[in-house]
Amino acid sequence: MDQARHVLNYVKQDATYGTFGEFPDYFKLEDWKWKIQDISHAKVNEKISEHVFRFTIKLNSDLIKIKRGGLQHLIGILAGDLFYLRISDIPNFTFEVTNVNLPESLWNEAKSSYTPNSEFSISTIREMFNLSSEPLLAFSFKPRVGLKFEKVREISLKVLKSGFNIIELDTRNLELTDNNIDKLVNLAKDASACSSHTTVFSPNLSAPAPIAKQICKRFVDVQNEPILIKIDGGLDGISTCQEIRRDFPPHGIEEDTKSPIITSYPLLRSNLDPNVPPDFFNRALSASGADILYPGGRPNFGSDIRSLDASEIDNLVNSIERYRDIVKKGRPMPSVAGGVHAGQLHLYYELLGPSVAYFLGGAVALHKDGPVKGAALCSDVINKAVELREKNPKARYPPNLPEKMIKRVESAYDPNTESEDLYKYHSPEIEIPKIHSFGTIESWFYNR
């Protein structure tokens with residue numbers, strides 16, 4: 001315990017004075033803007049085991065100015081400064097930050113600055129896309145790089161016509177030359193009018209704020225709402241989201257402006273852990289203006305839920321509950337992404353409901369007959385899932401997809417793998433009861 005207090009005192013000292021020892025009398029008391037006790041408080045709370053201790057450290061919130069980069073500053077402190085100490089008489093110790101709490105006044109300041117009136121909320125986004133019981137469907141363009149623009153244009157418009165709402169340029173698809181931007185702006189204009197349902201092309205503006213906002217204006221000028229842009233949670237993510245919101249404020253600030261919906265993939269979410277908790281990073285992105293966000297940790301069904309062990313099912317239950325909790329809060333809209341295929345969509349729809357967005361890559365691009373056929377398949381599966389639920393609104397589990405559609409799903413991809421079950425159809429009727437046996441997880445529709 002004494003060593004734990006010793007380490008924590010070093011953290012406190014470094015957090016406030018920025019060095020390892022006491023300052024000399026050269027710095028008079030009247031020179032200090034704050035007393036150390038006004039800036040920082042640290043306490044060892046609990047001894048978990050012989051070598052593990054839980055502690056809290058409090059910093060003065062006056063040091064975190066939301067409108068002046070406060071969230072970025074705090075993440076930088078946590079990730080790169082506060083817990084990187086070396087103490088000669090205690091050479092080996094590590095930190096894990098399990099929770100970061102900001103005063104609600106700071107979160108409210110971020111909300112009033114970047115997301116007033118909860119705009120864009122899940123319900124608002126769904127209204128803008130004229131969705132009823134179906135979820136928002138997006139194609140994260142794969143391959144990420146290498147295709148000529150003419151092919152990108154052809155695939156984009158045909159995928160949208162196949163039933164998708166959004167085409168977005170995926171991570172690393174960042175060819176932001178003037179010539180390419182001209183082409184993408186024209187594509188966005190055509191994409192917004194290519195189908196009877198609401199369709200949008202979203203550029204990837206994961207770039208420094210001055211560049212992103214200049215390009216964003218060009219896309220805003222040629223479209224009616226909804227307008228989408230993608231800003232991933234990398235080194236510039238939070239700052240660029242905030243700058244876009246300053247230049248294109250949501251309607252709660254200026255009624256006559258057009259404002260883009262921002263989608264984001266939190267690239268650094270896991271990499272900053274254990275010093276920045278992933279959910280805090282997500283919340284910082286959302287508070288800065290990201291409206292549709294992949295929260296990480298999507299429900300992972302494996303190749304067959306019936307083969308999962310108890311701990312894997314328990315993790316699956318926790319993941320489903322986490323997604324449902326995000327939806328209940330109303331913003332941001334969570335997305336399912338990363339390795340999802342058509343055979344999983346029916347089960348996802350039943351477990352997560354219609355308010356979760358599907359940002360699909362390989363599910364579309366890996367179809368053996370090409371991405372347009374892949375988009376049509378995914379759209380058909382979702383539409384059939386919606387139809388089955390509407391025909392059986394009070395059923396504990398809806399019927400399976402028609403046998404012909406299941407065969408179509410399971411023969412759509414060339415697995416090129418030893419696992420024959422990789423792209424199999426996941427039946428809600430069979431697999432939800434297995435999940436339910438480890439937690440109170442029924443179909444989302446049954447629990448409404």
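This is a predicted model: local features need pLDDT of at least 70, side-chain atom pairs count only at pLDDT 80 or more; totals for chains, interfaces and linings use all residues.
**Core.** A core here is a set of buried Ala, Val, Leu, Ile, Met, Phe, Trp, Tyr and Cys residues joined through side-chain atoms within 4.5 Å. Buried means under 20% relative accessible area, exposed over 50%, and partly exposed in between (1.4 Å probe, protein chains only). The core has 131 residues, and F129, L136, F164, F201, L351, L360 and C378 touch the most other members. Helix 14 (residues 371–391) gives the most to this core, eight residues. Helices (H or I, at least four residues) and strands (E, at least two) are DSSP runs, numbered from the N terminus.

I then checked C378. Leaving out neighbours within four places in sequence, C378 is in contact (heavy atoms within 4.5 Å) with F164, A342, L345, L360, A363, V364 and Y413.

**Basis.** I note that residues are numbered from 1 along each chain as its sequence is written. Local features need pLDDT of at least 70 and side-chain atom pairs count only at pLDDT 80 or more, while totals for chains, interfaces and linings use all residues; side-chain values use heavy atoms, with hydrogens and water left out.

**Strand 3.** Next I took strand 3 (residues 137–141). Five of its five residues are buried, so the strand is largely enclosed by the rest of the structure. L137, F139 and F141 point one way; A138 and S140 point the other way. Two strands pair if DSSP finds at least two bridges between them. Strand 3 runs parallel to strand 10 (residues 357–360), with three bridges. L137 has Y358 as its bridge partner there. Strand 3 also pairs in the parallel sense with strand 4 (residues 166–169), over four bridges. There I found I166 as the bridge partner of A138.

**Salt bridges.** I searched the whole structure and got 24. The criterion is a side-chain nitrogen of Lys or Arg within 4 Å of a carboxyl oxygen of Asp or Glu. E350 and R389 meet at 2.7 Å, N to O. E350 lies in helix 12 (residues 345–352) and R389 in helix 14, so the pair ties together parts 39 residues apart in sequence. Both E350 and R389 are buried.

E104 and R283 have their closest N and O atoms 3.8 Å apart. This pair links helix 4 (residues 104–114) to helix 10 (residues 278–287), 179 residues apart. E104 is partly exposed at 48% relative accessibility. R283 is partly exposed too, at 40%.

I also logged a salt-bridge network of K213, E243, R246 and D247.
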